[in-house]
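Here is a briefing on one protein model. Look through the sequence and the structure first, then read the points by topic.

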Amino acid sequence: MPAPLVDALRGIVGPAHLLTGADCAPYVLDGRTPEAVAVPGSKEEVAAVLLAAAEAGISVVPWGGGTRMGIGAPPARLGVVLVLKRLNRLLEHEPGDLTATVEAGITLDALQSELGKRGQWLSLDPAQADKATLGGVLSSNDAGPRRHLYGSCRDLLIGLTVITASGATVKGGGKVVKNVAGYDLPKLFIGAFGTLGVIVEATVKLRPRPDADRLVIVRFGHLKEAGEAALLIGVDGIPEQVEWQCAEVERLLRPQGLVDARVLDGEARDATWRARGGLGHGAFPETAAVMRWSVLPAQVADVMEQGAGVAQRAGLGAALAAHAGVGVVEAVLAGGGRADAAAIGGVLSEWRALVHATGGQALVESAPLAVKEEVAVWDDPGPSLRIMRRIKSQLDPNGLLNPGRFVGGI
């Protein structure tokens, strides 16, 4: 990296917040070590860092909590990693309007804690909420089981502030639920993985905290029986309503082959949700690869059974879990032992073919570098890639933001 750029970055964020050399080790990505790591403390510093990098022609990779950084093709070069953890403030909270404006580097746990002081919450429940930042969740369009009831990031977003590759500040949407009609520009950045701009602030819709929140765990003898209902069912609302729903779940599922049912509350409930949400990080002592499938909800059970058989025939351990209501399956391969790159790649390729045969989509969320070099991370986007590239060329004409890691090499 040019010495003048290093000096410029040091002047922008301060010597204590610019890492170089061996200090960049925590931010290694697919075997590539960043040339520098900048940790700005304000959106103005973010803009200044992006402008300085653009003038030097150096790529920038936005980084929140790091929980979703494994998604993407291996970078050809890792220039400046832009860490947003210092942008961690709740800027505005309007309880009467059920809205909040938040900096992108705040973790979901910290945000929920602040909102909870006024009896409200943001109805997003991604995995590793103690590490995942709001900006990272929005950039990766991450969501947990509550998506089935409350919707995804796009449903909860009202407004957004983004810094472009050239350092320009762009604001879209507003701070109230009812905005003026027009192009919904903020949603363009949801799920773009930082390739179009760096999210620095977001205004989101909130909900009152439910009076009661339960988790019903139901067990079946066979997976296909469970395919007619979810195995973990969360219900929340007023206590009387929740009690009735828990009893109704058991009543409806007994004719489907239900073996037993338990209702969890408090820490037992939270621990179970955390374990489910972190399947890719704790299913095995060593994880070889994680793949996410999107299929029709009615196909979930069959695809999971067939996918488990593929791994078994390859001699690899596998754990599979699904958000059955929306058709999203997380498939994890065990690492260590006989899990070499060829075997892992073979299973991932068979899984993708299996999912494609149902009309679904598959994404490699994490895998060793040797596997990523042989197995595509993203599915072929088809004709839509032309439109995506045109949007990219308008917002990041020099291709400096997270280059080459997104769909179609964007």
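**The sheet and its helix**

Three strands form an open sheet in the order E13-E12-E14, with antiparallel pairing. The model is predicted: local features need pLDDT of at least 70, side-chain atom pairs count only at pLDDT 80 or more, and totals for chains, interfaces and linings use all residues. Residues are numbered from 1 along each chain as its sequence is written, and side-chain values use heavy atoms, with hydrogens and water left out.

- Strand E13 (232-237) and strand E14 (258-264) are the edge strands, each pairing on one side only. Two strands pair if DSSP finds at least two bridges between them.
- From one strand to the next, the twist averages 20 degrees.
- Strand E12 (residues 212-220) runs antiparallel to E14, and six bridges join the two.
- Arg 219 stands opposite Asp 260 in E14.
- Helix H8 (residues 239-253) packs on the sheet and touches E12, E13 and E14. Contact means heavy atoms within 4.5 Å.
- The direction of H8 makes about 155 degrees with that of E13. Axes are lines fitted to C-alpha atoms, for helices over the stretch in contact, and angles run from 0 to 180 degrees between N-to-C directions.
- Helices (H or I, at least four residues) and strands (E, at least two) are DSSP runs, numbered from the N terminus.

**Aromatic pairs**

- The structure holds six aromatic pairs. Rings of Phe, Tyr and Trp (its six-membered ring) pair if their centres lie within 6.5 Å; planes under 30 degrees apart count as stacked, over 60 as edge-to-face and the rest as tilted.
- Trp 121 and Tyr 150 form an edge-to-face pair, because their planes stand at 90 degrees, with ring centres 5.4 Å apart.
- That pair links distant parts of the chain, 29 residues apart: Trp 121 is in strand E7 (residues 120-121) and Tyr 150 is in helix H5 (residues 147-150).
- Trp 121 is buried at a relative accessible area of 7%, and Tyr 150 is buried at 13%. Buried means under 20% relative accessible area, exposed over 50%, partly exposed in between (1.4 Å probe, protein chains only).
- Trp 293 and Trp 351 also pair edge-to-face, 5.3 Å centre to centre and with 75 degrees between the planes.
- This pair too links distant parts of the chain, 58 residues apart: Trp 293 is in strand E15 (residues 287-294) and Trp 351 is in helix H12 (residues 341-357).
- Trp 293 is buried, at 0% relative accessible area. Trp 351 is buried as well, at 0%.
- Phe 193, Trp 378 and Phe 406 are linked into a cluster by ring pairs.

**Helix H12**

- H12 has 17 residues and reaches 24 Å from first C-alpha to last, close to the 24 Å expected at 1.5 Å a residue. The expected span is 1.5 Å times one less than the number of residues.
- Its buried residues are Ile 344, Gly 345, Val 347, Leu 348, Trp 351, Arg 352, Leu 354 and Val 355.
- The buried residues of H12 pack against several elements, including E15, helix H11 (300-313) and strand E16 (318-323).

**Arg 292**

- Arg 292 lies in strand E15 and is buried, with a relative accessible area of 19%.
- The Arg 292 side chain makes a polar contact with the side chain of Glu 365 (2.9 Å). A polar contact is a pair of N or O atoms within 3.5 Å; within protein, one must be able to donate a hydrogen and the other to accept it, and residues adjacent in sequence count only if both atoms are side-chain atoms.
- Leaving aside neighbours within four places in sequence, the contacts of Arg 292 include Arg 68, Asp 142 and Gln 361.
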